[in-house]
There are 2 protein chains.
Amino acid sequence: MGRWQPGTKQRLQAVALELFRERGYEATTVGDIASRAQVTERTFYRYFADKREVLFDGSATLQRQVVEAIAAAPADRAAIDVVAGAFATVAPFLEARRDFAGRRANAIATNPSLREREQLKMITLGIAAADALRARGVPDPAAALAAETGVTVFRVGFDRWVTDPTGDLAACFRDTLAALKALTLQL
Amino acid sequence: MGRWQPGTKQRLQAVALELFRERGYEATTVGDIASRAQVTERTFYRYFADKREVLFDGSATLQRQVVEAIAAAPADRAAIDVVAGAFATVAPFLEARRDFAGRRANAIATNPSLREREQLKMITLGIAAADALRARGVPDPAAALAAETGVTVFRVGFDRWVTDPTGDLAACFRDTLAALKALTLQL
């Protein structure tokens, strides 16, 4: 088996999620994953630092895409629009891994320490988005509010998408933003 | 020294924060705290499970007050107003411990694992607030959005209050809510 055979990483992720569903996350070992993917443990560790990273290896890509989209937005755009637009740009990345996203969400939901890791990931994403807004000259509290509210909309919209097999992620984001606007109009 | 002498807990918290500032959080031991407060370590452990809990012992009270205020709000009130009102009810609790809140925020800001603990506390608070809204019959996504947005406003308003010695917490919450409303109107 080639050392960097294309698809090995995706196969490792697919069999890991299969095993997490069959045996539970805690009971699955790196050895189990490697064995079912027909690679050595050493090969597993070329792609992932540990078992948990199978589920979180997309986080850095997601965050980079959001930060770059915030930086690239037209200068005259309102902060909340910049953030909403930035989260919309990651929809194709997630739509392309829909099956993975759904199985990943199921695995995370069953394990408190994975839920914490996911929650902290979203907070880190919010902090990065706020910094990217400040770099555009958006003052606080608008930068922090727009970024954290954007993360809330992303998370709520994502949860809806991942539990509704017919949904479209960009539409889920739009609906959630509209729901947020309707809520705050009642203030 | 009496076993449950009034004020012992507050004195332990005050000297702990003093020591965290002088030596750093990591370098301070429970023995150091007990010794400066002139009690035994055993007495320390009557009040706090560990050193970290000196900083987080108010979390349960805060969450209970928020959840109770959500449950007690008039039935016809809008979800976002219910949450905003619930967070406003905890302002007096926090105003009464303003010095503690400021020193506590400084201690947390210097330590990544304390920051994580604080972030997870806020997420737990948001989950509890969303559940309290659902118990009132607020459907999703409004329940999740109103609760998480409320936590964002609470956190941003709190940060402003804790760094501005002249500020009033209730006013910080109101200003932050107004800033959020102004932002979402641009959607």
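Of the 187 residues in chain A, 48% count as buried. Keep in mind that what you're looking at is a predicted model. As for how the chain meets itself, take the contacts with a separation of 6 or more: 64% of them come from residues 24 or more positions apart.

Helix 8 of chain A covers residues 98-109, and its 12 residues should span 16 Å at 1.5 Å a residue; the end C-alpha atoms are 16 Å apart, which agrees. Several of its residues are tucked away: A:Phe100, A:Ala101, A:Gly102, A:Arg104, A:Ala107 and A:Ile108 are buried. What covers them? The cover includes helix 1 (8-23), helix 4 (53-56), helix 9 (112-135) and helix 10 (142-163), again from chain A.

Now for the rings. Searching the whole structure turns up 14 aromatic pairs over all chains. One of them joins A:Phe20 and A:Tyr25 in an edge-to-face arrangement, with 5.0 Å centre to centre and 70° between the planes. Both A:Phe20 and A:Tyr25 are buried. Over in chain B, B:Phe44 and B:Phe48 make a tilted pair, 5.5 Å centre to centre with 45° between the planes; these two phenylalanines are buried as well. Back in chain A, there's also an aromatic cluster, made up of A:Phe87, A:Phe154, A:Phe158, A:Trp161 and A:Phe173.

A:Arg117 lies over the face of A:Phe56, at 4.4 Å from the ring centre. In chain B, B:Arg117 lies over the face of B:Phe56, also at 4.4 Å from the ring centre.

Next, have a look at the backbone in a couple of loops. Which peptide bonds are cis? One joins A:Asp140 and A:Pro141, with omega at about 10°, and A:Pro141 sits in the loop between helix 9 and helix 10 of chain A. Chain B has a cis bond from B:Asp140 to B:Pro141, where omega is near 5°. B:Pro141 is found in the loop between helix 9 and helix 10 (142-163) of chain B.

In A:Gln38, phi is near 60°, a positive value in a residue other than glycine. You'll find A:Gln38 in the loop between helix 2 (30-36) and helix 3 (41-47) of chain A. Buried or exposed? With a relative accessible area of 65%, A:Gln38 is exposed, because the cut-off for that label is over 50%. B:Gln38 also has a positive phi, near 60°, and lies in the loop between helix 2 (30-36) and helix 3 (41-47) of chain B. At 65% relative accessibility, B:Gln38 counts as exposed.

Conventions. Residues are numbered from 1 along each chain as its sequence is written. Chains are lettered from A and ligands numbered from 1 in the order in which they are written. This is a predicted model: local features need pLDDT of at least 70, side-chain atom pairs count only at pLDDT 80 or more; totals for chains, interfaces and linings use all residues. Side-chain values use heavy atoms; hydrogens and water are left out. Rings of Phe, Tyr and Trp (its six-membered ring) pair if their centres lie within 6.5 Å; planes under 30 degrees apart count as stacked, over 60 as edge-to-face and the rest as tilted. Buried means under 20% relative accessible area, exposed over 50%, partly exposed in between (1.4 Å probe, protein chains only). A charge sits over a ring if NZ of Lys or CZ of Arg is within 6 Å of the ring centre and within 35 degrees of the ring normal. Helices (H or I, at least four residues) and strands (E, at least two) are DSSP runs, numbered from the N terminus. The expected span of a helix is 1.5 Å times one less than its number of residues. Contact means heavy atoms within 4.5 Å.
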